[in-house]
Amino acid sequence: MTRGTVLLTGGAGYIGSHTAVELLGAGWDVVVVDDFSNSSPVALERVAQVATGPSAGHLRWHRLDIADTAGLTSVLADEAVDAVVHFAGLKAVGESVAQPLRYYTVNVAGSASLLRAMDATGVRRLVFSSSCTVYGDPERVPIDETAARGASNPYGRTKLVVEDMLMDLAAADDGWQLLALRYFNPVGAHASGRLGEDPEGIPNNLMPYIMQVAAGRHPFVRVFGDDYPTPDGTGIRDYIHVVDLALGHVAALESSDDLPGFTAVNLGTGRGSSVLEVIAAASRAVGRDVPYQVVERRPGDVAATWAEPALAEKLLGWRATRTLDEMAADHWRWQSRNPQGYAGEGAGPPTPPA
Ligand code: NAD
Ligand code: WQD
């Protein structure tokens with residue numbers, strides 16, 4: 001007897017794969033749809049290996065673009081899906097500035113396609129991957145869910161538009177249960193060292209870049225500015241272990257029955273860390289100093305953001321427990337054991353299970 005069947009769009013990606021492990025472990029059957037545009041089926045093979053336990057659910061997957069509403073409708077009906085977690089989307093801020101139409105098509109039209117398929121099949125429970133980016137440049141920290149929303153780039157605007165779409169849907173029909181989880185900065189990897197973030201090309205984000213420096217792929221970390229109004233002058237963010245984030249989704253699915261309409265909830269730790277603190281934690285994890293140099297500020301960066309996570313504890317009964325040192329240690333274990341990411345194993349065209 002499982003807890004039900006949950007569909008993960010983008011379930012082969014970084015956050016989706018870790019969430020799949022935790023959902024399976026909690027006894028959910030998991031169905032993934034992914035077009036593998038930014039992931040590998042090898043991640044799903046590893047999800048199945050890592051997710052064990054006496055009451056673990058079953059994993060199935062389909063190669064599908066979320067633009068394919070008819071395909072999604074068939075999967076929702078054939079797999080008797082009870083709820084959906086919608087990770088699929090594009091997430092690179094710089095790329096969204098250069099290719100806005102692609103971002104609106106995949107993130108906004110893709111979400112509308114999914115919602116149409118859910119509407120057609122009567123599946124009314126959705127957890128959506130939103131982002132702290134919807135707070136733009138916050139007026140105050142910590143940021144709670146009542147803070148003004150805004151966005152300074154097309155990626156952020158796609159998240160705002162999808163949140164607006166969910167609010168409109170909830171206002172039109174009170175049968176929906178729509179939860180937007182606003183993630184802060186996910187880092188780290190599964191403690192097994194088998195699952196982690198597999199960025200294509202040179203990473204933009206801090207932790208994966210630090211880890212590539214530690215692995216010898218770049219000479220030093222560029223610290224983007226040390227003249228911010230923060231204690232050490234470098235930018236402050238709320239880094240959250242990806243496994244804590246994954247557990248937040250399990251808690252969200254188990255609470256969403258009690259949350260009709262639209263609800264937005266922050267998933268963060270409530271603690272900010274500076275760039276230099278992250279480099280120090282990574283150096284401890286690696287066992288030697290990771291070299292860095294201070295360079296100019298990166299355009300568009302804000303000085304400091306971190307979450308007020310109280311609402312997640314109140315509504316979902318969830319809070320993050322893993323420390324920055326655990327985030328760095330787990331990220332390094334993944335990086336050092338999988339220097340080529342998932343490409344080092346099982347590369348080749350995917351074959352869905354029968
Ligand atoms: P990811 O790129 O690792 O995962 C996204 C997955 O979606 C990939 O497996 C990709 O192949 C798939 N995908 C993309 N377009 C698709 C399409 N048209 N049809 C089907 N599948 C498609 O990214 P992630 O870091 O796991 O992020 C997941 C979600 O969380 C995204 O919506 C992202 O915007 C959001 N988010 C991420 C972060 C972060 O820092 N990683 C922070 C806040 C919010
Ligand atoms: C963190 C800190 C940088 C790289 C981005 C998206 C956001 C969300 C999470 C999806 C900042 C500094 C970075 C480097 C550095 N994603 N830095 N050297 O910018 O907080 O958020 O990811 O929704 O939308 O914008 O994360 O990891 O890029 O930067 O000094 O090489 O590290 O200036 O202070 P960010 P990040």
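This is a predicted model: local features need pLDDT of at least 70, side-chain atom pairs count only at pLDDT 80 or more; totals for chains, interfaces and linings use all residues.
Strand S6 comprises residues 177–183 and is mostly covered, with seven of its seven residues buried.

Strand S6 pairs with two strands, S5 and S11. Seven bridges join S5 to S6, and these two strands run parallel. Within this pairing, Phe128 stands opposite Ala180 of S6. The chain leaves S5, passes through helix H6 and reaches S6, forming a β-α-β crossover that is right-handed. Strand S11, residues 261–267, is also parallel to S6 and is joined to it by seven bridges. Here Ala180 has Ala264 of S11 as its bridge partner. Ala180 therefore has a partner in the S11 strand as defined by bridge pairing.

Thr133 lies in the loop that connects strand S5 (125–131) with helix H6 (154–172). The relative accessibility of Thr133 is 18%, and because buried means under 20%, Thr133 counts as buried. When residues up to four places away in sequence are not counted, Thr133 touches Gly150, Ala151, Asn153, Tyr155, Gly156 and Lys159.

Definitions and conventions: Residues are numbered from 1 along each chain as its sequence is written. Chains are lettered from A and ligands numbered from 1 in the order in which they are written. Side-chain values use heavy atoms; hydrogens and water are left out. Helices (H or I, at least four residues) and strands (E, at least two) are DSSP runs, numbered from the N terminus. Buried means under 20% relative accessible area, exposed over 50%, partly exposed in between (1.4 Å probe, protein chains only). Contact means heavy atoms within 4.5 Å. A crossover is right-handed if, with the strands pointing away from the viewer, the path from the first strand over the helix to the second runs clockwise.
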